[in-house]
Amino acid sequence: MAERGWGARATDLALVVAAALAVTLALDVLDLPSPSLFGGLVAGLVRGLAGRRRLAVPRPATTAAQGLIGVSIGALVDLDTLEAIGRDWLPVLLVTVGTLLLSVLAGLLMRLQPGVSPVTGAFAMVAGGASGITAMSRELGADDRMVAVLQYLRVLLIVVLMPVAATALFGAAPGSGGTTVDDAGPGWPAGLLFAAVCLGAGAPLARLLRIPVPTLLGPLLVAAGLDLGGLSGGADVPAPLETAAFLVIGLVVGLNFDRDSLRTVGRALPLALAVILGLVAACAGLGAVLTATTGASALDAYLATTPGGLYAVLATAQDSGADATFVLAVQVLRLFVMLLSAPLLARWLRRSEGG
């Protein structure tokens, strides 16, 4: 009987994964951001609402997915790229801290919506690192369903609005950046080895050092350290593994949806949309500050401070002839600040709520 029950759950999960892959392919054709995470989220949500019994992703798969996302983010660090900030490091750091403060303020505004806790509101509005924030949110006491929907609502809005704003307001000239050279790196065997080393060393080291969310932040820090030390050889997580990791996180979040939680998210959307648009405008204001305090052009500063959608931002920067190296450096610095400060932010907000 137990074996039959396990077999039924395995079949159920396999069908949900197949549906998630189908949705992922469809979203990829539509060129939407993070198609595998959205694919997992949609398939998991449908199963969560339709199924009579609860279905969960096995814990080892979730742990591996968190670790792979951490490695993928950590591999964005590059010493040459960060050197692009150069003497402007102080204004860039202050603008990054300003973005974090704006995110907290936006999260506090989300508390006006019944059913949204301070931690959930803050994590839903953290400007940058949507995949990492979503992956760690439940572990830090936030509602990962609300966080995922609102984080990727912001990313979607940025993907739609950013090219228009860059062209209409900041004088971007699409097509003036030339052809982007695709650096394939050392190949997937090196990528597999790199990911395995970061996963194998990262989580145990983070637990030893008592770093919160060790399964994500540990591999992230090890990957960043190897990159900065020149030991990674430019390796990155192989694309199929990265896709699988995002899909698993999407499934984990989606399968936890029920009708009550879906209604709660739906009721929060009008306020969230207004807050997100305000956050995007405020970050554009920080871009103006960056222009005034550094040698960056208005376009470079706007793209560097856009709150999310990293790969879409880089694509726009490269296509329009902006300084993509500077934009990447500022975006990566902010991403790290957001992810590494998230556990401290969650602890502070929980204490404030309790007080």
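The exercises below work through the fold, surface and cores of a predicted model. Local features need pLDDT of at least 70 and side-chain atom pairs pLDDT 80 or more, while totals for chains, interfaces and linings use all residues. Residues are numbered from 1 along each chain as its sequence is written, and side-chain values use heavy atoms, without hydrogens and water.

**Exercise 1.** State the secondary structure of the protein chain and why the chain counts as compact as a globular protein of its length.

Solution. Helices are DSSP runs of H or I with at least four residues, strands runs of E with at least two. The chain has 15 helices and zero strands. Its radius of gyration (over C-alpha atoms) is 20 Å, close to the 20 Å from the globule rule (2.2 Å times the number of residues to the power 0.38) for 355 residues, so the chain is as compact as a globular protein of that length.

**Exercise 2.** Determine what share of the residues is buried.

Solution. Buried means under 20% relative accessible area with a 1.4 Å probe, protein chains only.

**Exercise 3.** Identify the largest nonpolar core and the contacts of L303.

Solution. A nonpolar core joins buried Ala, Val, Leu, Ile, Met, Phe, Trp, Tyr and Cys residues through side-chain atoms within 4.5 Å. The largest has 97 residues, with F123 and L303 making the most contacts inside it. Helix α15 (residues 324-354) gives the most to this core, twelve residues. Beyond neighbours within four places in sequence, L303 contacts (heavy atoms within 4.5 Å) M162, V313, T316, A317, A322, V327 and Q331.

Conventions: Buried < 20%, exposed > 50% of the residue type's maximum accessible area, 1.4 Å probe, protein only.
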